[in-house]
Amino acid sequence: LQQPQQRKHHRCMECYPGFNLQEDGSGCTFHLNTFMPEANLFYLVLALVIVLVVIFAIIWCACNGQHPHQQRHLKAISSARRHRHLTKTASWNLYQQQAREWISPFNNMHTGDFLGLGAALFYNNICFILLVSLVLYTGTYFLYHGHRGERVMQLLQTQDAVRMDILDHETLLPTLVPAKIVSPLHSCGDFRPEDAQQVFRNFAKAKCAVLGFLYVILVLLSLAFARFQVFWEGCFDKKHASMSDYTIRLSGLPKDDTDEEGLLRWLQDEFKKASPGDVWLGRGGIGEVNQPVLDLVQGAKVEVHSVSLCYDYLDQKEKMDDALCKMMQIAEARMEDSPDVVDMQAAANGMSLDEWEQVQRNQALDWFGEKSPNRLLSTGEAFVTFTRMADRDKIFRAYSRGLVQLQHPLGNGPIAMHSIYSEPPNRQWWHMGLSEADHKRRLLWFSCKLLLIVLCVQCLSTLPYSYFVLWPYSVTGTGASGLIVTIAGILLGNANWICFLSNYLTAEQVGYRTKDRLYNFVFVSNTLVVFWLTGWNVYTAVRAVRGQSRFAIRPQDYFDMVMASIGNEVVFTQTLYNMLMPGGFFVGMIMIAVMAGPVPFTTTTLFSKIIYVWRCFPPCVLKVFKALLPYAPSTLDHYPTFNAEKGLEPWEVPICGNYADQIVTPTLCISTLFFASPFVCKIFHGMCLWACFSYGYFRWMHLRYHKTCYYFGPSLDILANHAWGIPLSVLAAAWCAWAMRAGLLAEGLGPRAKLLLVCSAFFASVALWLLLLTILVRPWEKREVVDEDRNVTVEETQSRSLYNYLNCNPPYVLKCKYFLEQPLEQPHQFRSIRPQFSRSDSDGSLAGDHQVVTPLCDTGIEGVLLFEIGKQHLFLNRSQRSFLMSKGIRSALEWETWYEGILSIGNMCAGYHEEDFSDSGGEETRAANARLDDEEPHHDIRFRLNDASDDDDGSWCCSG
């Protein structure tokens, strides 16, 4: 508060709570800033400290020398950068010489199988959000720019109305409208309260009608969109062949039978006995055929391609992951003829590669040996993959009709057969042995743990930040600023990041068998957390409006449309608009792209070089830095390539988290329809821009920023459709509120009864939406789909996906690598992961540099490789891999490409040379590249699509 002391000078007599009066009375200071130094002084001291630290590091490095293994570690960091590029989403095809191709951001994300069906449905949902935004913007635009809306806006801007705000300070105004003013000066102005009340009533009736119309339109649009998503799911599945189209899941197998080949032969004999009749081409295979459809392979014998047993190894997961890590490192090192890239820990223990592999063989013998006390048992389940889709449908149809009854000779009960809708990379094999009861207990325990983490983080960060910083500033009508606010903002951002990270880590521990269900958990928990954080920000905005208002607005004043209530509604919606535009709509997503990419990339690179290249600090300080290094090894002496790659890996494509914003943001925008304010229309205009921006933003993020992650199922979109009832119900509640403000509903009820009626409208709308979605759409119902190309074999499908139910099964990969007998002896040849499905006339190896391009699904160095994102290039033959490295693995649309170019300038100045990706193969690679350059203009390499027994017409296909 200020009081004039002289004609032109004022002194502060009192400050708002949370602020301290300065000694000379010239102003007020935020109380936390009194304990902090001035910002300029703080930044000056910080810069001085950084300079001193750098000088100390240079002196220490000059006196003690750099790390003795710096060249190895530089190569590990270089390999990690290459690995980061290779984890990005790309198109792979083993039938082509250029096996890896970047996916253009301008490709059709709605029909292309780049990240799975879930990604296509996600982009459909963004388009739907844009349509909803346009509908709401159009409705509110005509409402607020129509005749009644303009009168309301003019009334709010009238000077006489403004004077009414200060009439009799805080006593008269709340009870003034709609009462009349009896005064000799009543006719002096143009403003009359009774006229204002009538204008507001007419506007309330118009808005009630508009909201009712918008609700009906949006419900119909939402139902149509939900039906369209179901239709699109069928179209997508019909167009793209997947491994689930060839595979069934068996349960009830004896757990002590872990012989995959024996099980394959037994199933092959049992399926030969089946007589399924007409071929049913549906994916589910359990319905009736309206019109019999003949397939080219009808009448042919059913051929089982492979069998993948599920092992119960949850208690051995860490050891198995470590063994797989070592296996992949050794395979890549031998493939590149770079044994120094192999795990440094092995070198530290004084073991050669062969000795280290012998350790792994002993471990595999302990896991898979018949007489081993620690032998791994199966879960009684297996994935059976057929060569053709029709084979799978034949067997499933015969089983559904009771023509196939499977009973294992060693089993005590019948074997059940199930359809599957999840692909191998999304199968969490270590949880396959978890019982349903254990899963429920883990779900309850870890959900409570997640809730406790979120509450603790919020109570220790968000609440203190709001109570001590935001709320004191909010009542003054100004924004928080200063050094303490900057520090608190950084801590708050990290705290929120901990909440979102805890969601995913908790979901991984719950025990879901597939990542599709894991993503559902992340979506639900992430949506609740975003709702909490958004609600907290809205509450802060409400406190700001209440702190700046001189009148205590009651619920009855809202329903009676008191002038002061209308004024606060305008201020509140303006605050929300300033919060959303551009911060909530755009700045947040841009900051995510910065804080989740360049920042961790820079810090990880800096810490890894400080510790394992320059070694420019004492060991005690290096240990502190190592604690900040992601995936840091246990020693300061060796930095394994695996740790470097994991430390620089980008985020996985977070569609499960992106869906939360598409529920929370529309809900927040629609909630402004409760109020009378011209900013409502502006908010929906910003929502339209946000939807357009999101469409392009996520294309770039998913294709050039994030690590590849597959979303094969529609469950995320189905959950999002169910959650869409929340913004629809907020709209229904707003319609109910405006019906009462217009005097059309519950005119004689009190304010509490009216609030209860508004809440009832919300929950009734939620129930109505769920009922309509269940009855009219039936999204969870599995529908039968006829694939367009029934002649595609499983080998051709694998050549594009690179994965199957064998090379994604960790125990089976280790079993083949270190336990089962290997048929081939040449160490650098590529061959089948296991001769389950090999034929005598197939050629699975490349003996020379001039070999033709052969489809090499399930191949790997020394016969075995695990499918892993970022390691797909290991499935390529030598010429394909050389071609890939010669053409480069970077993209101009990756921020890493430009950032690494800048860092390379610093390396040149420092005298370091980090190996370029295209030079990793030495002279042999360069020679192969030269030959490939000579052959490149021709592109006439041909190969057979199938074996002669499968393709009698002798069709050929050209690669490239």
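The model is predicted, so local features need pLDDT of at least 70 and side-chain atom pairs count only at pLDDT 80 or more, while totals for chains, interfaces and linings use all residues. Residues are numbered from 1 along each chain as its sequence is written, and side-chain values use heavy atoms, with hydrogens and water left out. Helices (H or I, at least four residues) and strands (E, at least two) are DSSP runs, numbered from the N terminus.

**The sheet**

- Four strands form an open sheet in the order β8-β9-β7-β10, with antiparallel pairing; two strands pair if DSSP finds at least two bridges between them.
- β8 (304–311) and β10 are the edge strands, each pairing on one side only.
- On average, neighbouring strands of this sheet are turned by 25° against each other, direction ignored.
- Axes here are lines fitted to C-alpha atoms, for helices over the stretch in contact, and angles run from 0 to 180 degrees between N-to-C directions.
- Six bridges join β8 and β9 in the antiparallel sense, and S308 has F383 in β9 as its bridge partner.
- Helix α8 (residues 260–272) lies across β7, β8, β9 and β10 and runs at about 130° to β8.

**Strand β7**

- Five bridges link β7 to strand β9 (residues 378–386) in the antiparallel sense; in β9, V384 is the bridge partner of I248.
- Three bridges link β7 to strand β10 (residues 416–418), also in the antiparallel sense, and L250 stands opposite M417 in β10.
- Five of the five residues of β7 (residues 247–251) are buried, so the strand is largely enclosed by the rest of the structure. Buried means under 20% relative accessible area, exposed over 50%, and partly exposed in between (1.4 Å probe, protein chains only).
- In a regular strand the side chains alternate between the two faces of the sheet.
- Both faces of β7 are covered, with T247, R249 and S251 buried on one side and I248 and L250 on the other.

**Helices α2 and α20**

- Helix α2 (residues 70–86) packs against helix α20 (residues 641–648) at an angle of about 45°, with the axes 8 Å apart.
- That angle makes α2 oblique to α20: under 35 degrees counts as roughly parallel, over 145 as roughly antiparallel, 65 to 115 as roughly perpendicular and the rest as oblique.
- Contact (heavy atoms within 4.5 Å) involves A76, I77, S79, A80, R81, H83 and R84 of α2, and T641, A644, E645 and L648 of α20.
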